[in-house]
Amino acid sequence: LNVPLLKTMNAAVGMYVKGMSNQCDLAPLVGADGWTAALAEVGRQRLNAQEAMTLYLRVVKGVAVDTSIPALTTTMAVAQTSLRLCMEGSEYLQIPSPPTQAIMNALVSAQQFSIDFQSRVTKEMALADKSNVDVLASLEYGDASIKQMHLVAEMYVNASLKANAFLKTV
């Protein structure tokens, strides 16, 4: 029996039955551990995305290419897995799915930028001559993804504070 899932489903059905909009706000159902786990995963995803951009620059500039390419491939995969955890949640890891539609929308946007970055990087890594690679164009996608994840972190903090009005900020 999955009690957290049943509570969430009950809240969603209740909103539907009451004729509320299809914009669910499940933030009040997220506990302190959930907020902490979600923010930690958002932070992990941003860190991995930044590391992927650094490794990409190393490869393009010809620095430690033999070790940087496998590290880049692995880091991009870890970043995608982390982003999926942010989007889907994980009961096992106590990461809630996004509690508001706005957070989910921002995550979808971050995912698209991340996919675009990884697609460009994968194509560029296959090139024998990397001197004509448009580094800035690729980095713009990576940077846009990271900026979206910064926004997601901010939205999580605001949703947490709204759901837990008794908390004080410093």
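Reader: How many residues apart are glutamate 124 and arginine 120 in helix 4?

Author: A helix is a DSSP run of H or I with at least four residues, a strand is a run of E with at least two, and both are numbered from the N terminus. Glutamate 124 and arginine 120 are four residues apart in helix 4 (residues 101–125), so about one helical turn separates them. Please keep in mind that this is a predicted model, in which local features need pLDDT of at least 70 and side-chain atom pairs count only at pLDDT 80 or more, whereas totals for chains, interfaces and linings use all residues. Residues are numbered from 1 along each chain as its sequence is written, and side-chain values use heavy atoms, with hydrogens and water left out.

Reader: How do the side chains of glutamate 124 and arginine 120 meet?

Author: Side chains of opposite charge can pair when their charged atoms come close. The term salt bridge is used when a side-chain nitrogen of Lys or Arg lies within 4 Å of a carboxyl oxygen of Asp or Glu. Glutamate 124 and arginine 120 meet in such a salt bridge, with 3.5 Å from N to O.

Reader: Is glutamate 124 buried or exposed?

Author: A residue is called buried under 20% relative accessible area, exposed over 50%, and partly exposed in between, with a 1.4 Å probe and protein chains only. Glutamate 124 has a relative accessible area of 7% and is therefore buried, whereas arginine 120, at 27%, is partly exposed. Across the 170 residues of the protein chain, 39% count as buried.

Reader: How many salt bridges does a search of the whole structure find?

Author: The search finds four. One of them joins arginine 44 to glutamate 41, whose closest N and O atoms are 2.9 Å apart; both residues lie in helix 2 (residues 32–60), where three residues, about one turn of the helix, separate them. Glutamate 41 counts as buried because its relative accessibility is 5%, while arginine 44, with a relative accessible area of 41%, is partly exposed.

Reader: Which residue forms a salt bridge with lysine 147?

Author: The partner is aspartate 143, and the closest N and O atoms are 3.3 Å apart. Lysine 147 counts as exposed because its relative accessibility is 52%, and aspartate 143 is partly exposed at 31%.

Reader: How many helices and strands does the protein chain have?

Author: The chain has five helices and zero strands, and along the sequence this reads as the pattern α-α-α-α-α. Helix 3 (residues 65–88) holds serine 68, which is buried because its relative accessible area is 1%.

Reader: How much space lies in the largest pocket?

Author: Rolling a probe the size of a water molecule over the atoms shows where empty space is left. On a 1 Å grid over the protein atoms alone, a cavity is a set of points where a 1.4 Å probe fits but cannot get out, a pocket is an open set with protein on both sides within 12 Å along at least five of seven lines, and lining residues have an atom within 4 Å of a point. Points are joined across faces, edges and corners, and a volume is the space filled by probe spheres set on them. The largest pocket holds about 550 Å³. It has 19 lining residues, of which Pro4, Leu5, Thr8, Pro96 and Ser97 are the closest to its centre. Helix 1 gives the most to this lining, with five residues.

Reader: Which residues line the largest cavity?

Author: The structure holds one cavity of 30 Å³ or more, and about 60 Å³ of space lies in the largest cavity. Its lining consists of Gln45, Ala49, Ala52, Ala79, Ser114, Phe117, Gln118, Gly142 and Ser145, with helix 2, helix 4 and helix 5 each supplying at least two residues.
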